[in-house]
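Q: I am new to this structure and would like to learn how to read it. Please take me through a few features in turn.

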Amino acid sequence: MISISVSRTHRAIAAALLLLPALPGRGTEPVRPLDLARQLNEAFVAVVESVSPAVVVIDVAQREVTEEFNASNPWLELLPEGWREQLRREQEQRRQQRRQNPPDGPRFDGQGSGMIVSPEGDVLTNHHVVEGAEKLRIRLRDGRKFDVEVRGSDPDSDLAVLRIKNPPADLPAITFGDSDKVRVGEFAIAIGAPYRLDYSVSVGHISAKGRSDLMGGMFDQAFLQTDANINPGNSGGPLVDIEGRVIGVNSMIRGLNSGIGFAIPSNLAREITSRLVEDGRFVRAWLGISIGALREDENVRRTVPDLEDGVVVTGIAPDGPSSRARPRLQPSDVITAVDGRAVAGPNELRAIVSRKRPGSTVVLDVRRAGDSLEVQVEPGALPPAEERMIQFTRRSRDRDVRETHGIEVEALPAAQESNGSPPGGVRVSAVLPGSVAASEGVQPGDVLSEINHQPVDSPQQARRMLEASDLSRGILLRLEREGQETFRVLRPRRE
């Protein structure tokens with residue numbers, strides 16, 4: 001059975017239609033408001049009937065958890081003592097029952113939703129639906145059941161692709177829409193299996209676009225927000241427009257019955273799905289640069305007064321992909337487009353670059369003071385966060401930045417030299433986390449003009465002076481930060 005949930009907003013729309021005066025039609029016959037309501041009603045029914053055959057219910061058998069009850073678990077500590085004791089007893093009872101009556105096969109005790117994306121049997125769903133599963137199977141609306149296996153999964157986007165074992169020849173498939181063209185306020189229809197209520201349908205709107213930084217930045221994309229009811233079990237199911245095209249993959253909610261749900265945009269889902277089908281994984285790319293927003297960098301904005309938006313290069317990993325760019329990138333460069341697509345801020349640049357294939361060529365439109373450049377970079381595979389941090393603090397493969405007490409320096413950009421900075425000096429390009437310099441508050445972007453009252457004229461000179469200085473006696477650094485002169489004294493850290 002298909003159940004349709006319509007919000008008070010839509011009931012109000014229907015009531016308003018009934019109260020409208022008769023509208024003139026193309027001919028002499030007026031169009032009655034009730035006829036308009038019936039047409040809208042039929043439109044929703046048609047969408048559901050066309051999309052539902054390609055929607056699947058995913059039954060999940062989780063791997064058996066064998067860990068002992070851990071009373072010190074921080075989540076359990078939030079529960080009252082009586083509840084914790086009850087959980088401990090219930091776990092022990094289940095353990096005894098399993099020993100006395102071992103299950104004959106996998107126990108399907110989890111459920112999610114998904115959608116068939118190809119006649120060959122590829123099924124798209126959420127990563128969190130299938131994570132840790134011992135066995136998976138899907139059910140179609142016509143009652144057929146199929147075993148499936150994970151073809152590929154990407155935790156960072158919360159997407160996974162399943163492959164039907166021995167797929168039949170008559171599988172229906174969904175049609176993707178263009179999520180970039182979706183407008184706030186459009187109708188949105190969610191189909192899935194919330195609370196084990198298979199093939200439930202809810203109707204709402206696109207409430208917002210570009211929602212990012214959800215779940216503490218756990219995911220790396222911007223979401224569509226909808227007020228169509230999404231509940232546990234809807235995960236992985238489609239969010240479709242009034243034409244029946246999939247515009248999102250339902251993924252998260254914020255509070256039960258809150259009217260706030262989030263879906264992964266279809267354009268990203270389609271791209272990652274293709275890569276998961278081809279390669280079994282989705283490898284993100286990176287340029288090896290640290291970046292900031294032009295709007296938040298007053299010093300750089302003064303060098304490009306005609307620009308309002310863009311991405312400022314604040315640092316370059318010495319061994320990263322951008323260190324081999326042609327022509328070379330420099331700190332304070334402003335990136336305005338990637339492969340002809342404009343970028344207004346860091347999030348947009350990361351989203352575009354991360355989807356490039358490592359080793360492909362990317363063209364960056366760059367402004368360097370009054371000059372416009374096209375810079376070619378071959379992005380590399382995105383390394384783990386720890387390795388990225390090391391790359392930004394590594395001066396070369398055979399020299400350790402610790403020799404300079406945690407400070408890496410580079411030549412001062414010409415634009416900054418002409419912007420009121422002291423004559424000479426170098427720019428701090430990176431500070432090693434946990435180093436003496438970091439503990440004393442030295443920051444990337446600081447202009448270092450003197451070391452122990454001796455002027456600094458080049459990065460090579462600064463490194464030699466830092467390496468030769470006696471940390472036990474203290475090292476005095478004269479710095480400029482955001483137009484203000486200051487100083488820091490590096491001293492031995494107390495262990």
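**Reading a predicted model**

A: This is a predicted model, in which local features need pLDDT of at least 70 and side-chain atom pairs count only at pLDDT 80 or more, while totals for chains, interfaces and linings use all residues. Residues are numbered from 1 along each chain as its sequence is written, and side-chain values use heavy atoms, with hydrogens and water left out.

Q: In which sense do β10 and β11 pair, and over how many bridges?

A: Strands (E, at least two residues) and helices (H or I, at least four) are DSSP runs, numbered from the N terminus. Two strands pair if DSSP finds at least two bridges between them. Here β10 and β11 pair in the antiparallel sense over 6 bridges, and G192 stands opposite S200 in β11. β10 is also joined by 2 bridges to β13 (residues 238–240), again antiparallel, with I189 opposite V240.

Q: Why is β10 largely enclosed by the rest of the structure?

A: Buried means under 20% relative accessible area, exposed over 50%, and partly exposed in between (1.4 Å probe, protein chains only). β10 is largely enclosed because 5 of its 6 residues are buried.

Q: How many residues does the largest nonpolar core have?

A: A nonpolar core is a set of buried Ala, Val, Leu, Ile, Met, Phe, Trp, Tyr and Cys residues joined through side-chain atoms within 4.5 Å. The largest one has 32 residues, and L124 and I189 are among those with the most contacts inside it. Elements giving two or more residues to this core include β10 (187–192), β11 (200–211) and α5 (266–279).

Q: Which residues is L124 in contact with?

A: Contact means heavy atoms within 4.5 Å. Leaving aside neighbours within four places in sequence, the contacts of L124 include M115, L159, F176, V249 and A269.

Q: Which strands make up the closed barrel?

A: The barrel has 6 strands in the order β4-β5-β6-β9-β8-β7, with antiparallel pairing. From one strand to the next, the twist averages 40 degrees. α5 packs on the sheet and touches β6 (122–125), β8 and β9. Axes are lines fitted to C-alpha atoms, for helices over the stretch in contact, and angles run from 0 to 180 degrees between N-to-C directions. The direction of α5 makes about 50 degrees with that of β9.

Q: Is D446 buried or exposed?

A: D446 counts as buried, because its relative accessibility is 1%. D446 is found in the loop between α10 (436–439) and β26 (447–451).
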